Amino acid sequence: MNHTRRLLVGVLSLLAAPAAAQIFTIPPGAYRTGAAYHRKQPQPAGLDATYPDKRGQLVVVVPRGTKTAKLRVAPDSVWGYVSAKGRTFRLFRNEEYRLEYADTLCIYSSSNIMAGSDRDGNNLRTPGANALGPYTAPRYFFSRGLNGLIFPLTTRYLREAYEASNPGFIAAIGRLNIGQSLVDFDRKTGLFRVTTLYRDEAGH
């Protein structure tokens, strides 16, 4: 009986190990720079991080013995943060973007409609323009590396960013059919279509 029990506990621990590793692949906390995120060095490290609080601050939950404490960090002093669920968010020009894929071409999503914009991202200057409220359909963005400027993920902006350095990538985008989207997601590879095209041209 004891042997069977030990065997069962061993099997369960092996099954649990990968799950724990996935959750804490990138440690939760605030990341001061993109390089610190790449090195997995949060400052401060914590059990969770959320943004924004009532004061517009980033909050990092840190252990204090058997209890926890909340440290508040100015958002303009950090690159971004990782939550307890392992989700990475970059803070850029007072906006929050969820990092979906990190490489020399980084992909982000955002479900927030920006103040003074319509659902297509066009600036609105008419009365009541900010009364649209939250918009939950995700919009996608990209940057060149973890520290690059963030732009809408469109063929136009990709062409401006990569036509000189990676013309094959831009040509591949131009060959997409009308029914194909840059953000079509392949569950088998875990990649967006735009990422697959980029990796193919980069020789990955």
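Val60 lies in strand E3, which spans residues 58-64. In this predicted model, Val60 is buried, with a relative accessible area of 0%. Leaving out residues up to four places away in sequence, Val60 touches Gly29, Ala30, Pro44, Ala45, Gly46, Asp48, Ala49, Ala69, Lys70, Leu71 and Val73. Ser83 is 23 residues from Val60 in sequence, and their C-alpha atoms are 8.9 Å apart in space.

The average pLDDT is 82, and 75% of the residues score at least 70. Over residues 3-24 the pLDDT is below 50, and this stretch has 2 contacts in the model beyond near neighbours in sequence. Residues 115-135 also stay under 50 in pLDDT. For residues 115-135 the model has 26 contacts beyond four places in sequence.

The strands come next. An open sheet of 7 strands has the order E1-E5-E6-E7-E8-E9-E10, and its pairing is antiparallel. Its edge strands are E1 (29-31) and E10, each of which pairs on one side only. Strands of a sheet pair through backbone hydrogen bonds, in either a parallel or an antiparallel sense.

E8 and E9 run antiparallel and are joined by 6 bridges. Ser110 stands opposite Arg139 in E9, and Ser109 stands opposite Tyr140 in E9. E9 in turn pairs with E10 (residues 151-152) in the antiparallel sense, over 2 bridges. Phe142 has Phe151 in E10 as its bridge partner. E9 and E10 form a hairpin with 6 residues between them. In the turn of this hairpin, Gly145 has a positive phi of about 75°.

Ser109 is found in strand E8, residues 105-110. Is Ser109 buried or exposed? Its relative accessible area is 10%, under the 20% limit, so Ser109 counts as buried. Leaving aside neighbours within four places in sequence, Ser109 is in contact with Tyr97, Arg98, Glu100, Arg139 and Tyr140. Tyr140 in this list is the residue that stands opposite Ser109 in E9. With Glu100 there is a polar contact between side chains, at 2.5 Å.

Glu100 also takes part in a salt bridge: its side chain meets that of Arg98, with an N to O distance of 3.9 Å. The cut-off for a salt bridge is 4 Å, so the pair at 3.9 Å is counted. Glu100 is partly exposed, at 32% relative accessibility. Arg98 is likewise partly exposed, with a relative accessible area of 32%.

How many salt bridges does the structure hold? There are 5 salt bridges. Side chains of opposite charge can pair when their charged atoms come close. One of the salt bridges joins Asp184 and Arg193, whose closest N and O atoms are 2.9 Å apart. Asp184 is partly exposed, with a relative accessible area of 28%, and Arg193 is partly exposed, at 25%.

The side chains of Glu160 and Arg156 meet at 3.5 Å, N to O. Both residues lie in H3 (residues 155-162), 4 residues apart, about one turn of the helix. An α-helix has 3.6 residues a turn, so residues three or four places apart point the same way. Glu160 is exposed, with a relative accessible area of 56%, and Arg156 is exposed as well, at 52%.

Which residues of H3 are buried? They are Leu158, Ala161 and Tyr162. These residues cover an arc of only 75° around the axis, which puts them on the same side of H3. On the other side of H3, Arg156 and Glu160 are exposed.

The buried side of the helix connects this account back to the sheet. The buried residues of H3 pack against E8, E9 (139-144), helix H4 (167-174) and helix H5 (193-202). E8 is the strand that contains Ser109, and E9 is its antiparallel partner over 6 bridges.

Key
Residues numbered from 1 in each chain as written. Predicted model: local features only at pLDDT ≥ 70, side-chain atom pairs only at ≥ 80, totals over all residues. Heavy atoms only, no water. Buried < 20%, exposed > 50% of the residue type's maximum accessible area, 1.4 Å probe, protein only. Polar contact = N/O pair within 3.5 Å; in protein donor to acceptor, adjacent residues only side chain to side chain. Contact = heavy atoms within 4.5 Å. pLDDT = per-residue confidence, 0-100. Arc of directions from axis to C-beta. Pairing = 2+ DSSP bridges.
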